[in-house]
Number of protein chains: 2
Amino acid sequence: MLFAMAYININNDLPGIVGLMHYRPETAKPLNELAEILLRGPSTLSSAEREMIASHVSYRNECHFCHSCHGAAAAHHIDGDLDLLRDIKNNFKTTSISAKLRALLNIAEKVQILGNKVTPDDIDAAKDEGATDLEIHDTVLIAAAFCMYNRYVDGLGTWAPVEDAAYDETGRMLAHEGYGNSITD
Amino acid sequence: MLFAMAYININNDLPGIVGLMHYRPETAKPLNELAEILLRGPSTLSSAEREMIASHVSYRNECHFCHSCHGAAAAHHIDGDLDLLRDIKNNFKTTSISAKLRALLNIAEKVQILGNKVTPDDIDAAKDEGATDLEIHDTVLIAAAFCMYNRYVDGLGTWAPVEDAAYDETGRMLAHEGYGNSITD
């Protein structure tokens with residue numbers, strides 16, 4: 001059976017990065033490990049906050065699959081719905097979130113454009129709101145990593161469900177079971 | 001002793017991604033594994049070709065540290081100098097390289113802009129020049145990965161030597177010893 005669900009024949013009909021990870025398990029391993037550490041590993045940032053950064057950057061990169069999956073994961077971390085995520089994506093500067101998260105989202109937005117767009121003032125603003133060096137480090141790397149995942153998913157023309165509801169179960173799994181088993185599930 | 005070599009205190013004075021990897025070894029591990037597989041793992045693309053793609057994308061992302069390191073690595077793989085790399089960066093469409101590599105660089109340039117800029121015509125052009133599905137997959141993921149590494153390096157304001165000569169030994173090590181030991185060297 002021949003599948004034509006992406007620009008290349010990946011021998012499966014799984015959506016987004018899931019299909020690519022089944023096609024190339026060697027690269028899937030470090031890609032999953034990185035996501036697990038950054039989004040669910042020990043951190044003074046909550047997993048909800050980190051998934052919000054991931055989802056927001058993915059939205060700015062126009063990656064429907066990633067922003068939907070990680071928005072759903074963020075919602076599951078806070079037992080909430082997608083309204084907060086939509087607010088952040090529409091304009092995080094006016095959304096009801098902590099001043100620290102707002103300053104970190106500002107850094108993430110700069111990283112999404114290009115690394116050298118981040119200024120010392122952006123960093124100082126986050127530190128003024130209590131962000132630690134490690135929190136700033138991880139915010140930059142989360143934003144940078146999603147500039148990779150998003151390009152990987154869209155650059156190979158993978159398919160993605162349109163409606164939000166299709167991502168709810170994936171979001172629950174990512175939030176509560178993690179990234180370690182995503183290519184064998 | 002306090003170092004101020006980046007936007008955050010990384011407790012060392014090492015340049016570019018090397019200093020960040022010493023600061024955060026947990027994330028360094030999958031970052032190095034991914035680079036090792038993509039640039040030096042088994043492939044029908046030569047390591048020189050893959051380092052050329054990495055260096056070219058890094059140049060387009062204005063990341064001096066990364067484009068210099070990976071340009072030097074590419075040169076070491078072919079026992080050559082940096083002239084070919086400079087030609088590629090100036091205009092790969094007229095450089096004397098294989099038609100297949102030219103078509104893959106075209107895909108990498110689209111990925112550098114955004115994943116959804118890659119078109120079916122870009123993919124077909126690479127296939128017409130003999131590129132396999134796996135070569136196209138790895139080209140997209142190399143380009144995407146360097147959109148991450150570049151943003152990580154510049155988003156945290158790391159320092160980098162200016163002159164090409166400073167990258168020669170690093171390029172030799174990356175080409176011939178690889179990415180596995182880069183945080184413990």
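H67(A) is buried, with a relative accessible area of 14%, where buried means under 20% relative accessible area, exposed over 50% and partly exposed in between, with a 1.4 Å probe and protein chains only. The model is predicted, so local features need pLDDT of at least 70 and side-chain atom pairs count only at pLDDT 80 or more, while totals for chains, interfaces and linings use all residues; side-chain values use heavy atoms, with hydrogens and water left out. Residues are numbered from 1 along each chain as its sequence is written, and chains are lettered from A and ligands numbered from 1 in the order in which they are written.

**Surroundings of H67(A)**
- H67(A) lies in helix α4 (residues 64-77) of chain A, helices being DSSP runs of H or I with at least four residues, numbered from the N terminus.
- Leaving aside residues up to four places away in sequence, H67(A) touches S55(A), S58(A), Y59(A) and K89(A), a contact being heavy atoms within 4.5 Å.
- With K89(A), the side chain of H67(A) makes a side-chain polar contact at 2.9 Å; a polar contact is a pair of N or O atoms within 3.5 Å, and within protein one must be able to donate a hydrogen and the other to accept it, with residues adjacent in sequence counting only if both atoms are side-chain atoms.

**Helix α8 of chain A**
- Helix α8 (residues 133-155) of chain A has 23 residues and reaches 33 Å from its first C-alpha to its last, close to the 33 Å expected at 1.5 Å a residue, a span taken as 1.5 Å times one less than the number of residues.
- Because 21 of the 23 residues of α8(A) are buried, this helix is largely enclosed by the rest of the structure.
- Just after α8(A), G157(A) takes a positive phi of about 65°.

**Interface of chain B and chain A**
- The contact draws 44 residues from chain B and 44 residues from chain A.
- About 3900 Å² is buried between chain B and chain A, with carbon and sulfur atoms giving 66%; buried area is the accessible area (1.4 Å probe) that two parts lose on being put together, summed over both.
- Y7(B), H137(B) and R151(B) supply 18% of the area that chain B buries against chain A, more than any other three residues.
- Between the two chains there are four salt bridges, each a side-chain nitrogen of Lys or Arg within 4 Å of a carboxyl oxygen of Asp or Glu.
- D138(A) forms a salt bridge with R24(B), and their closest N and O atoms are 2.7 Å apart.

Notes. Helices (H or I, at least four residues) and strands (E, at least two) are DSSP runs, numbered from the N terminus.
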